[in-house]
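Hi,

Here is the structure I promised to pass on.

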Amino acid sequence: MKALKEHFKDEFLIGAAVNQNTIDQDADLLKTQFNSITAENEMKFEEIHPEPGQYDFTIADRFLKFAEDHDIKMRGHTLVWHNQTPDWFFKDDKGEDVSRDELLDRMKQHIKTVMTRYKGRIYAWDVVNEAVSDDEGVELRPSKWLEIIGEDFIDYAFQFAHEADPDALLFYNDYNESNPDKRGKIYRLVDGLIKRDVPISGIGLQAHWNLYEPSYHDIDTALKRYSELGLTLHITEMDVSMFAFKDKRTDVLKPTEEMLDLQAKRYKEFFGLFKKYQEHISCVTFWGISDRYTWLSDFPVKGRINWPFLFDEKGKPKSSFDAVVN
Ligand code: G3I
């Protein structure tokens, strides 16, 4: 069996999101199949910078060491996001919102501290994550960043990131690329950054997809449209959701043959598209390693189990794996 990273070595890197458990449980799979990792949560603001002036790099350092020991690259996720960022970051001693200048200064310090530590070692960063709104008629998502700094918080984030590590690839990362309205807003945002000479290198398409949506056509259109901007594209958080509910009367819970076949068909189509746009796509990352663990199990409802990846709960290749490599 040829490993994924070997199979796609002339096209793109093959990545996986990791956390403290999966990096141990699926270490062999990681080492043999993948050549890029992303920390699922451990480099997000609340984890790496939990208190004013206090950074905790313990776990991120550990992941990077694992990567370097095994000739695996690492993506950084994420620097500026509305989510998983503590409230204190936006407040002064009296509990009032800080000024625009103060927040820009804090943003600069955070980006500089984190990126300088990993300069030359983390090759790509999701600098700004999910800043675009899902609501029609609204361009940017309401957030403390937008409220206090204004729309140019995104420009500043990329500038500070570029100053911290001029060689790192800098990404704008978002989801719902299949939705024409959202896609249009992401396109306009990135196009504006390019026109203003903001140092952005690429767009991350999260690719949280399922057995029925989005359509092949939707993703073909998204990849075509984003490619026109002339930046590198990364598939950053791929999963093809396939789930069932736990039945309290039985112990056995697994996907049906029909579900497995459909998932394999979907993966085949999507990887066919990635190959079609291989000149533009340089990394395809799954948001996990194997079906042993996924953020999608018990989400959005408890008891709903998900099997979204190419490897099953024992780390064995599924028909989805065969569909991707054959
Ligand atoms: O760490 C705490 C723990 O102390 C606490 O006891 C426990 C109780 O719920 O929660 C733990 O935090 C959880 C955290 O993951 C770490 O496991 C949070 O509740 C949970 O909400 C959080 O979910 C993460 C989610 O981002 C948060 O937005 C998922 O693991 C992670 O996969 C997901 O990743 C995001 C990407 O960063 C951005 N794109 C979407 C993607 C999926 O939502």
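Predicted model: local features only at pLDDT ≥ 70, side-chain atom pairs only at ≥ 80, totals over all residues.

Let's start with helix α8, residues 153–164.

Which residues of α8 are buried? They are Phe153, Ile154, Tyr156, Ala157, Phe158, Phe160, Ala161 and Ala164. The cover over them includes the strands β3 (73–81), β4 (124–129) and β5 (169–174), along with the helices α6 (100–117), α7 (144–149) and α9 (180–195).

Now zoom in on α6 and α8. Their axes come within 9 Å and cross at roughly 35 degrees, and the crossing is right-handed. On the α6 side, Leu104, Met107, Lys108, Ile111, Lys112, Met115 and Thr116 make the contact, while α8 brings Tyr156, Ala157, Phe160, Ala161 and Ala164. Sorted by class, that contact has 9 nonpolar, 1 polar and 2 charged residues. Look at the numbering too: an α-helix has 3.6 residues a turn, so residues three or four places apart point the same way.

Finally, find strand β10, residues 281–286, where 5 of the 6 residues are buried. Which strands pair with β10? Strand β1 (residues 13–18) runs parallel to β10 and is joined to it by 4 bridges, with Gly15 opposite Thr285. Strand β8 (residues 232–241) is also parallel to β10, again with 4 bridges, and here Ile235 stands opposite Val284.

Note on methods. Residues numbered from 1 in each chain as written. Helix = DSSP H or I, 4+ residues; strand = E, 2+ residues; numbered from the N terminus. Expected span 1.5 Å × (residues − 1). Buried ≥ 20, exposed ≤ 12 C-beta atoms within 10 Å, placed from the backbone. Contact = placed C-beta atoms within 7 Å. Pairing = 2+ DSSP bridges. Axes fitted to C-alpha atoms, helices over the stretch in contact; angles between N-to-C directions. Left-handed = near helix turned anticlockwise from the far one by under 90°. Nonpolar A, V, L, I, M, F, W, Y, C, P; charged D, E, K, R; others polar.
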